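Hello,

Here is the structure I promised to pass on to you. Please have a look at it first, and then read on for what turned up in it.

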Amino acid sequence: HTLLSCLGNLSGYKFHVQYLEQLIMELPPELHDVDIDASGTFKYVLIQLYLKDDTSRLLVRGHAWGEYHDDIYQKTLEVALAAGLDTECLGGGRIRHSAEKQEILVYGYSVGYGKADHSKAVELLKKKYPSYKIDWSNEGY
């Protein structure tokens, strides 16, 4: 009986993981974990995306077209709202991305949103760029 209850709990866990993976796969590509420019130095924001099942995920968005951190956040907010989801900007900074050297540096802060937790941004970036050398610093603007 104990083994059966353990297996039952395990299958429930497996179902939950599959359900979460399905939810993530149904998200528009614009709401995947990381979306940054292919190279250069640019502003970035760390965003909390609230999913329909009362869970949330972190997103990293960084683009040179963003004159302000809010420009980048508002674009993601627009896509999230269209998908029936909500977001919160947790802060920002800058990213220096060298595709040639396979290096990324996350640093600085956003005047409007404050400093993001760069270590969390780096965790997500390492998943998308596993062969890169990725570091962060609280120095700089």
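Predicted model: local features only at pLDDT ≥ 70, side-chain atom pairs only at ≥ 80, totals over all residues.

**The chain as a whole**

The chain holds 3 helices and 6 strands. Read from the N terminus, these elements follow one another as α-β-β-β-α-β-β-α-β. Of the 141 residues in the chain, 38% are buried. The accessible surface is about 8,400 Å², and carbon and sulfur atoms account for 54% of that. Among contacts with a separation of 6 or more, 65% are between residues 24 or more positions apart.

**The sheet**

Strands of a sheet pair through backbone hydrogen bonds, either parallel or antiparallel. In this model, 6 strands make an open sheet with mixed pairing, in the order E1-E3-E2-E4-E5-E6. Strand E1 (34-36) and strand E6 (133-136) are the edge strands, each pairing on one side only. On average, neighbouring strands of the sheet are turned by 25° against each other, direction ignored.

Lysine 43 is a handy landmark here: arginine 94 in E4 stands opposite it, and its bridge partner in E3 is histidine 63. Another pair to look for is glycine 40 with histidine 97 of E4 opposite.

Moving on from E4, 5 bridges connect this strand to E5, and the two run antiparallel. Isoleucine 95 stands opposite valine 106 in E5. E4 and E5 also form a hairpin, with 4 residues between them. Glutamine 102 in the turn of that hairpin has a positive phi of about 55°. Strand E5 (residues 103-107) is in turn joined to E6 by 4 bridges, and here the strands run parallel.

H2 lies across E2, E3 and E4, and runs at about 40° to E2.

Helix H2 (residues 69-82) has 14 residues and reaches 21 Å from its first C-alpha to its last, close to the 20 Å expected at 1.5 Å a residue. Which residues of H2 are buried? They are His69, Ile72, Tyr73, Thr76, Leu77, Val79 and Ala80. These residues cover an arc of only 165° around the axis, which puts them on the same side of H2. An α-helix has 3.6 residues a turn, so residues three or four places apart point the same way. The cover over the buried residues of H2 includes strand E2 (40-50), strand E3 (56-63) and strand E4 (86-98). On the face turned away from the buried side, H2 carries the exposed residues Glu78, Leu81 and Ala82. After H2 comes glycine 84, with a positive phi near 80°.

Valine 45 is found in strand E2. Is valine 45 buried or exposed? Its relative accessible area is 0%, and because buried means under 20%, valine 45 is buried. Apart from its neighbours within four places in sequence, valine 45 is in contact with Leu59, Val60, Arg61, His69, Ile72, Tyr73, Cys89, Gly91 and Gly92. The C-alpha atoms of valine 45 and glycine 62 are separated by 6.5 Å, with the two residues 17 apart along the chain.

Enjoy looking around!

Best wishes

Methods. Residues numbered from 1 in each chain as written. Heavy atoms only, no water. Expected span 1.5 Å × (residues − 1). Buried < 20%, exposed > 50% of the residue type's maximum accessible area, 1.4 Å probe, protein only. Arc of directions from axis to C-beta. Contact = heavy atoms within 4.5 Å. Areas by Shrake-Rupley, 256 points an atom, 1.4 Å probe, with all protein chains shown as cover. Pairing = 2+ DSSP bridges. Axes fitted to C-alpha atoms, helices over the stretch in contact; angles between N-to-C directions.
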